Amino acid sequence: MPSSFSFQQVDVFAEKPLQGNALAVVSNADALTEDQMAAFARWTNLSETTFLLRPTLPDADYRVRIFTPQRELPFAGHPTLGSCHVWLDNGGVPQAKEIVQECGAGLVRIRRDGARLAFAAPPMVRSGKVDDATLARVSHGLGISLESVLDSNWVDNGPGWVAVLLSSREDALAIRADYSALKGLNVGVVAPWTGAGAEADVEVRAFIGDEYTEDPVTGSLNASLAQWLIAAGKLPQRYVSSQGTVIGRRGRVHIEKVGDDVWVGGEVQRCVAGEVWF
């Protein structure tokens, strides 16, 4: 006989509902099998669906498993903040001042920052110079010239990100990706937002090569971009990024470097709540 589980759909990195990146969250999901989780993630067809579970590590407040319609991820940014929001909304009480999430990548620290939640960016598993062949593929797939790329770097904290820095927000917004050329690459684009009336400091875009899609607002990419560009002296220790503009979203990601930590924050809005049956 089917069993019911508490369910929420939230909007992450959004100052108002329907502006950010949607996330489906199933609570108290320990009884579900991996196949059931994967099937539900395919059915929601959102960029990610998460399942809240009892932690297995003593320092963790809860555990989360993160699924795309195609695969499970060890870590992702907007699912981290959205899952934490739902866990708190369900009455979760952290053991200490910071909330600690257990996921495939290990333990992730989360703090409350006024109306926002913020996670401490995990270490990158790959960084450094992008080889010429990969950079040529990226520029071809984005439809931009190599000369327009001010800098590039591997910024991989799990999803495999490679990033390019462009000179202007207008150039970033003009990109129309050729996903067949990007297959096998997840590409981040960042560019400064300048001029009077600027609502953010940078514009970010995220192109998922294997899934032929642009991600609305991407915590993991913003985390590793900040680690790269703050360390390189190309962005200040505190700034705001805009993402999702081309696909009709208004995502806002708040970055702050404190000591050795880069914190990635945003607001989470509850949009749907109820039960799901398996």
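1. Is Thr 134 buried or exposed? Thr 134 is buried, because its relative accessible area is 13% (buried means under 20% relative accessible area, exposed over 50%, partly exposed in between, with a 1.4 Å probe and protein chains only). Thr 134 lies in helix H3, residues 132–142 (helices, H or I, of at least four residues, and strands, E, of at least two, are DSSP runs numbered from the N terminus). Not counting residues up to four places away in sequence, Thr 134 touches Trp 154 and Leu 185 (contact means heavy atoms within 4.5 Å).

2. On provenance, this is a predicted model in which local features need pLDDT of at least 70 and side-chain atom pairs count only at pLDDT 80 or more, while totals for chains, interfaces and linings use all residues. Residues are numbered from 1 along each chain as its sequence is written, and side-chain values use heavy atoms, with hydrogens and water left out.

3. An unreviewed UniProt entry annotates Glu 48 as "active site"; UniProt positions follow the numbering used here, feature names are shortened, and annotations may be inferred rather than shown by experiment. Glu 48 sits in the loop between helix H1 (34–44) and strand S3 (49–53). Glu 48 counts as buried because its relative accessibility is 10%. Leaving aside neighbours within four places in sequence, its contacts include Phe 67, His 78 and Pro 79.

4. A search of the whole structure finds zero disulfides (pairs of cysteine sulfur atoms within 2.5 Å). For Cys 84, the nearest cysteine sulfur is that of Cys 103, 12 Å away. Cys 84 is buried, at 0% relative accessibility.
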